[in-house]
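Please open the structure in a viewer and keep the selection tool at hand.

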Amino acid sequence: MANYLKRPNGTEDVTPERIRKWYTVERVTREIAESFGFSEIRVPTFEVTELFQRSVGETTDVVQKEMYSVIAKETQFTLRPEGTAGTIRAMLQNGLLAEALPQKVFYQLSCFRHERPQAGRLREFHQFGVEMAGAASPYADAEVILLGKTVLDRLGLKNIVLNLNSIGCPACRAKYQEALRAYFTPFKEKLCETCQERLVRNPMRLLDCKSPEDRELSKDAPVILDYLCDDCKAHFEAVKTALTGMGVAFVINPKIVRGLDYYTKTVFEFISSDIGAQGTVCAGGRYDGLIEQLGGQSVPALGFGMGLERLILTMEQQGCEFLEPSVCDVYLAPMDEAAYPAALSYANALRTLGARAEFDLAGRSFKAQMKYANKLGARYLVVLGSNELSEGKGQLKNMQTGEQKPVRLDTAEHFTADYTEITLSDQFGGV
Ligand code: ATP
Ligand code: MG
């Protein structure tokens, strides 16, 4: 096959056969975010590269290895590798932070990272994410985590473990970075090249390295929880107490430092054991310093990103239910050329009642039309022949039971009035 006929590595097509799975996660995430008082925000697919360098961080895998950047008319742009930076930029640019706080927004968007494609790891993937700005309370952490958990529960997912950690504030982290530097320096030569540089610039990033050798070396590294200041410790305790009070189970995992530099205090991941190495379906935390770092006022904030492909993969793995496909309610079968205008008009009248109505558009024979209507899963079929049209009467055939019921066809209005007796299927279920 010619190269231009192949989709780029690490991207996916969503064919009509699979689209219901997307509607399911899109609908559930939207409904739950709205029920928690979050409103949708939409931001551009690309931003000025510097936005990501300044927020995600110069020593992260994302910025060092994974960004898709282009120079267009002398400005360097990057396809968003995540949603937080653009969302915070939009909040600043549109003055949202000057309004009543907290500002609570959610998004469903595509992200781009140049990674090695594998199951659950794509180059174009999609995230549902939430961001809450202007909330310092530990109950905000609990609320955001609970939102994530509610989504996972509503989708019917099981065996997903909430991993929780605190990575402190810049004050406690400075001491911790020193301890890490002291721990890793004797192994310096054994670390991967990127991590040798990280050892100097940002040793905490070492804990996030994907190389198995580096992971092994970091096994006995000091843990941040031993370095938290009193304020961060109290905040973490309060988050844990709030979650426990809500019956949300979690494990403390001091290895979670998150791949992006902007996190402070609470960080968390929901991890599934059902989809192998790419098991993190949702990840987030608090980023109290980010807004100020980007040039805004000091506003504490937090959020998470949920990988929609990984969610769907886990749901498939666990046999979770997806929204039912929409089916054809009424199929109109014109028998000769003269019946087509009537088919066109009846189909349209039925649609105004909310039905999904279709008719032959391929010049099929009667037999072939029956077969096609069955293939569509049509619930009812009406034959439109010259007799039916001249007598103004037809038969509404229930395709499942074979039962027939007379319908008046003399005007489209009558036809649709008769049709209302049919109980419509939930054809709008997905959207
Ligand atoms: P990982 O450690 O798996 O690389 P990450 O820490 O880079 O993940 P985040 O930046 O926190 O991921 O993104 C939030 C969520 O987005 C992840 O938990 C995951 O569900 C999803 N995600 C991240 N990268 C990809 C990708 N390349 N393909 C599909 N989903 C992804
Ligand atoms: Mg990653």
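**A guided tour**

Begin by colouring the chain by domain: domain 1 comprises 19-169 + 229-318, and domain 2 comprises 330-424, the bounds coming from an automatic or database domain assignment. The centres of domain 1 and domain 2, taken over C-alpha atoms, lie 49 Å apart.

This is a predicted model, in which local features need pLDDT of at least 70 and side-chain atom pairs count only at pLDDT 80 or more, while totals for chains, interfaces and linings use all residues. Residues are numbered from 1 along each chain as its sequence is written, chains are lettered from A and ligands numbered from 1 in the order in which they are written, and side-chain values use heavy atoms, with hydrogens and water left out.

Next, colour by pLDDT, the predictor's confidence in each residue, from 0 to 100. The chain average is 93, and 97% of the residues score at least 70. Select residues 425-431: here the pLDDT is below 50, and the stretch has 17 contacts in the model beyond near neighbours in sequence. A contact means heavy atoms within 4.5 Å.

**Helix H6 and the cores**

Select helix H6 (170-184); helices (H or I, at least four residues) and strands (E, at least two) are DSSP runs, numbered from the N terminus. The 15 residues of H6 should span 21 Å at 1.5 Å a residue, and its end C-alpha atoms are 20 Å apart, which agrees; the expected span is 1.5 Å times one less than the number of residues.

Which residues of H6 are buried? They are Cys-172, Arg-173, Tyr-176, Gln-177, Ala-179, Leu-180, Tyr-183 and Phe-184. Because they cover an arc of only 165° around the axis, they are on the same side of H6; the arc is that of the directions from the helix axis to the C-beta atoms. Buried means under 20% relative accessible area, exposed over 50%, and partly exposed in between (1.4 Å probe, protein chains only). On the face turned away from the buried side, look for the exposed residues Ala-171, Lys-175 and Ala-182. The cover over the buried residues of H6 includes H7, helix H8 (212-217), helix H9 (230-245) and E9.

Now select Phe-184 and Leu-207, which have the most contacts inside the largest nonpolar core, a set of 51 residues. Such a core is a set of buried Ala, Val, Leu, Ile, Met, Phe, Trp, Tyr and Cys residues joined through side-chain atoms within 4.5 Å. H6 gives the most to this core, with 5 residues. A second, separate core of 44 residues includes Phe-106, Leu-146, Leu-147 and Ile-160.

**Helix H11**

Move to helix H11 (residues 308-317), where 7 of the 10 residues are buried, so H11 is largely enclosed by the rest of the structure. Among the elements covering its buried residues are helix H1 (19-35), strand E6 (124-133) and helix H5 (138-154). After H11 comes Gly-319, whose phi is positive, near 65°.

Select Tyr-139 in helix H5. Tyr-139 is exposed, with a relative accessible area of 62%. Its C-alpha atom is separated by 58 Å from that of Leu-361, 222 residues apart along the chain.

Finish at Lys-375 in helix H13 (residues 366-376). Lys-375 counts as exposed at 71% relative accessibility.
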